[in-house]
Amino acid sequence: MGYTSELMELIKRVEKTRPERVMKKKDGQEFPALTLDQRRDRLEKYHPDFRAGALRELKVGPSKGLSIAQEIADTFEAKSRLDPDAIDFNEVHYETDVLVIGGGGAGTAAALLAQEQGARVIIATKLRHGDANTMMAEGGMQAATKSWKDSPYYHFLDVMGGGHFENDPELVRTMVTEAPKAIEWLEKLGCMFNKWPDGKMFTLHGAGTCRKRMHYAGDMTGAEIMRTLRDEARNRVKDIGVLEFSPAVELLIDEKGRCSGAVLYNLETEEYFLVKAKAVIMATGGSGRLHMSRFMTTNHYGATGDGLVMGYRLGIEVRFLHATQYHPTGAVFPEQAEGLLITEKVRGAGANLVNIDGDQFVFEREPRDIESASIIRECEKVGKGVPVPGQPGRFGVWLDSPMIDMLEGEGTVEREFPAKFILFKRYGIDISKLPMLIYPTLHYQNGGLAYKPDGSTTVEGFFVAGEVGGGVHGANRLMGNSLLDITVFGRLAGETAGKYVNTRSEIGKLSVDHVRRYHEELETAGIGFERVSPMVLPDYGNPEVRKRQWTSHYVGTLR
Amino acid sequence: MSAMVQEAVQQHSSPSEAAARTDLVPIFIMGKRYMVPSTLTIQKAFEYAGYQLIRGCGCRGGICGACATVYRTPGSAKINVGLACQTVVQPNMYLTMVPFFPANRAVYDIEELKPDAQTLLKYYPELAKCMGCNTCTKSCPMDIPVMEYISAAIRGDVEKAAEISMSCVMCGICASRCPAELGQYNIAIMCRRITGRHIWPKAQHVAEMVEKINSGRYDKPLEQLMKADLETLRKLYVERQMEPHTTPEDWTPDDKSFI
């Protein structure tokens, strides 16, 4: 195990240029950043979103005519998993005030705040409570908390610039002004953010930030936040029930068109259940497992964009779904670590990106889309990528992590990046001494369902929180703003929904009439009936095995 | 085309390839033999063998703890542990995932907890039954010295227990192997939350900023940005002063009118 002898040979070139690069860094000399016009040019030429065939125009639904990622359009232009006529609406299996769909960070934060308004809550989640992209977020959480050098004003500018000024400014204002409150809330719940002895929090730069405002807990910030929120939800077990392995597959409405619950599918017993609820908070997260443009992904197993299609059928418009985020630094070696996220904090801490010659080709703190496009350019156009062993035609570039120990002192890499350090150690690679071979990997759904700053939407009783929503990040999210997004908008949606259920006295007759209408629209357009959605789980089955499953029946990817 | 990588493609082979493959090794999933490519992780080997995973699969990145796996190899009595998504198969390994194992979990109010041994023993009296066998440490797929944090907890050194257990993924293997029937990982998160809430000092700068925001200090500057046209916004963005990478913590910007 460890690097092949060919790679060890190539690493010598990186080692040769390293002392000078470290010296420059210490002197404050950075590789020149691209201008806004150069950024645009780089994106248009090299970012996967701009490749021919990446997008297509929607032919049905509330955002008809909008161009979005093909793979998401496939799930929109598909029929429901359920035949509306097969549902028995007389038998309701669960009744609650607030139904939260999704057991990640946004959903759990929402559940906690809804409960604090006096609501009874059910969290329905596809996998286990907490098995979500929140758990996997590593680098940190942005918030302007240091008023001697930073403020929501600068955070706002950074968010807008990172999103190419297309963001919904109302959502951005809400996020940046709520950010310090979100940090304070998590601190109060007992999240162990890295701190000095006097309690002051450590903060670092992220790509695209003008001030060091990335708060973190080692390199497992998301895990620390997720397990704390989950633990707190478990302490409120009297009011917050959790249904695991029970993804929602369709929403329910009443005759006034208000969202009134959902149909859940028990993945283990293959039964469907009806949940009647006065409010539904959609918090299903992203869609990396749709493998946009066939990219590998850092996302968790359940990230199939289910909430997008359920919300779209309900009549919620979508935004920014043309923009998929490719994280610049996904591992490409060793093979078993492939697609794995290497946190941006590594670059935030000073590690350069270098090509096969050990030369820098991009400033390491460009926004993610620019950074990714630059890596793709270096490999595909410039031809200075490092060949990935055993995979002809594949290339990566070096992420020079050993610089960090040289800049900040021996032991920094191991202390600041414990999870990645252990992981690579298992593969025989000491990342405090050797660089990592990386390539962009599908990471985040920049867009999603349209929602207002308080989490409400155009449909009464229906609320949105977290990655399933779109607008706040524009076409490109900055590092550290997703943990922030899920905490801020999870809390707000939970609070709004919790208050709303106190004003809603009754739920009318349940139906899925919106799905019927959607099916009619598909029929008129003559599309989509060959597919079903939501996907629920990706298909990584073995086609050879499937050929011999003579009596099995698949609906979409599910047996 | 170097970007075109997909797990699904890499895991599988066409019938002709499968016949020609020389890199397959036997593994025993719950005692049953399957031939799988030698470079796969246990998780992908399950899928290659024909399983569609429902339990035992979460982040696929070594952090959620859904895919704890125990295995042994021929000629050794040792029980090994690993996360299925992170552990590469070994020829002739006998394995099973342990996607769930029951463990005691106390319900508590974080505000009322105190950072001492009495508190921990009140909620987890079984702590006192730890016999120091060290099986938990030997069974941790994250290489955490579990028994050390349990010892720290028994001593009442809550902060130490929190720090040692920081990289716990709560997979539950420690609890499955513990002869004293402790749910170590639940005790660990209680220690971490007590540390974060009650031992480590509160960040004053965060509270101060919240107060400043609530006082309306940034309402006007933000309103200005909201109203600014694209050109102005771009200009402000490009010209914003960057905090240098290597400056000390107390660095301040030249323009203080918006902080």
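Colleague: At what angle do helix H6 (residues 152-162) of chain A and helix H12 (residues 230-239) of chain B pack?

Modeller: Axes are lines fitted to C-alpha atoms, for helices over the stretch in contact, and angles run from 0 to 180 degrees between N-to-C directions. Helices (H or I, at least four residues) and strands (E, at least two) are DSSP runs, numbered from the N terminus. Here the angle is about 110 degrees, with the axes 10 Å apart. That makes H6(A) roughly perpendicular to H12(B) (65 to 115 degrees counts as roughly perpendicular). This is a predicted model: local features need pLDDT of at least 70, side-chain atom pairs count only at pLDDT 80 or more, and totals for chains, interfaces and linings use all residues. Residues are numbered from 1 along each chain as its sequence is written, while chains are lettered from A and ligands numbered from 1 in the order in which they are written.

Colleague: Which residues make the contact?

Modeller: Two residues are in contact if their C-beta atoms, placed from the backbone, lie within 7 Å. H6(A) gives Leu157(A), Met160(A) and Gly161(A). H12(B) gives Leu233(B), Leu236(B) and Tyr237(B).

Colleague: How many residues of chain B are in contact with chain A?

Modeller: 84 residues of chain B touch 89 residues of chain A. H10(B) gives the largest share of chain B's side, 9 residues.

Colleague: What domains does chain A have?

Modeller: Domain bounds come from an automatic or database domain assignment. For chain A it gives domain 1 (5-30 + 328-442) and domain 2 (91-323 + 446-503). Their centres, taken over C-alpha atoms, are 31 Å apart.

Definitions and conventions
Angles under 35 degrees count as roughly parallel, over 145 as roughly antiparallel, 65 to 115 as roughly perpendicular and the rest as oblique.
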